[in-house]
Amino acid sequence: MVAAELTVCRCGLVPYRQALEWMRLLQQQRARGEVCDTLLVLQHPAVVTLGMSGGREDVLLPDELLVEQGIQCVETERGGRATLHAPGQMVAYPVMRLGEGDLHEYLWKIEAALLQALSGWGIAAQRSEAHPGMWVRGRKIAALGLAVREGVAYHGAALNVCNDLSLYRWIHPCGLDAGQVTSMQVELGEAVALQAVEEAFIQAFCEVFERKAIVRVEPVALPLS
């Protein structure tokens, strides 16, 4: 059987609101059958995003003080609570029509791709039934948060590769203490190339979902407002 195509866009550093606009547009296009499934792989400038399960109570500074720290705060429609994105973190946003499996199976597959990618660096991460995401020795290395509209899932996962973990001190990430997060660089005690992690994750994602990647350097079909 020929694997279905997956458009993969490696976008570099993208402001969160721009990526959110792209995801929402792709979700609408995918629901109408105008595009195939898409995976956006990128980084964000420092931003706190608030999910549907927890909001401003997870943020320890008012918006004006966050801005002074160079951090935006944006509400979203994804599941989960507050989390933080910053350069050096690999963010993956699949925009995919859900098949016969349920959302739990879809989430499980994203976690499986993360596990496979991390294993390439000898990092043995684990799942948690109570707390979606990837964990290493009791500390969270990747966060997940999804939304579904018209049978299409979007939003996705954020893997801490070599980002500045000190920024987490301004929030309760996913309801946790800042000391309960980690990164690949911290776990390995050495520098980790983000580009190599992106490549490993894309390969793992395509294997888990049985897709053939059609890679773009940037999402040229999307409006760049």
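The largest cavity has a volume of about 80 Å³. On a 1 Å grid over the protein atoms alone, a cavity is a set of points where a 1.4 Å probe fits but cannot get out, and lining residues have an atom within 4 Å of a point; grid points are joined across faces, edges and corners, and a volume is the space filled by probe spheres set on the points. This is a predicted model, in which local features need pLDDT of at least 70 and side-chain atom pairs count only at pLDDT 80 or more, while totals for chains, interfaces and linings use all residues. Residues are numbered from 1 along each chain as its sequence is written, and side-chain values use heavy atoms, with hydrogens and water left out.

Who lines this cavity? Among the residues are T83, L84, K140, I141, A158, N160 and Y168. Strand 5 (83-85), strand 8 and strand 9 each give two or more residues to the lining; strands here are DSSP runs of E with at least two residues, helices are runs of H or I with at least four, and both are numbered from the N terminus. Strand 8 has the largest share, with four residues.

Now look at the packing. The largest nonpolar core has 37 residues, and L39, M90, L159, M184, F201 and F205 have the most contacts inside it. Such a core is a set of buried Ala, Val, Leu, Ile, Met, Phe, Trp, Tyr and Cys residues joined through side-chain atoms within 4.5 Å, where buried means under 20% relative accessible area with a 1.4 Å probe, protein chains only. Among the elements that each supply at least two residues of this core are strand 2 (38-43), strand 6 (89-97), helix 3 (103-119) and helix 5 (194-209). A second, separate core of 20 residues includes V14, L40, V95 and Y154.

Beyond its neighbours within four places in sequence, M184 is in contact (heavy atoms within 4.5 Å) with residues including L118, W121, I141, L159 and V197.

Finally, follow strand 6. Eight of its nine residues are buried. Strand 6 pairs with strand 2 in the antiparallel sense over five bridges, pairing being called when DSSP finds at least two bridges, and T38 stands opposite V95 in strand 6. Six bridges join strand 6 to strand 9, again antiparallel, with V91 opposite A158 in strand 9. A158 also belongs to the lining of the largest cavity.

Technical notes: Buried means under 20% relative accessible area, exposed over 50%, partly exposed in between (1.4 Å probe, protein chains only). On a 1 Å grid over the protein atoms alone, a cavity is a set of points where a 1.4 Å probe fits but cannot get out, and a pocket is an open set with protein on both sides within 12 Å along at least five of seven lines; lining residues have an atom within 4 Å of a point.
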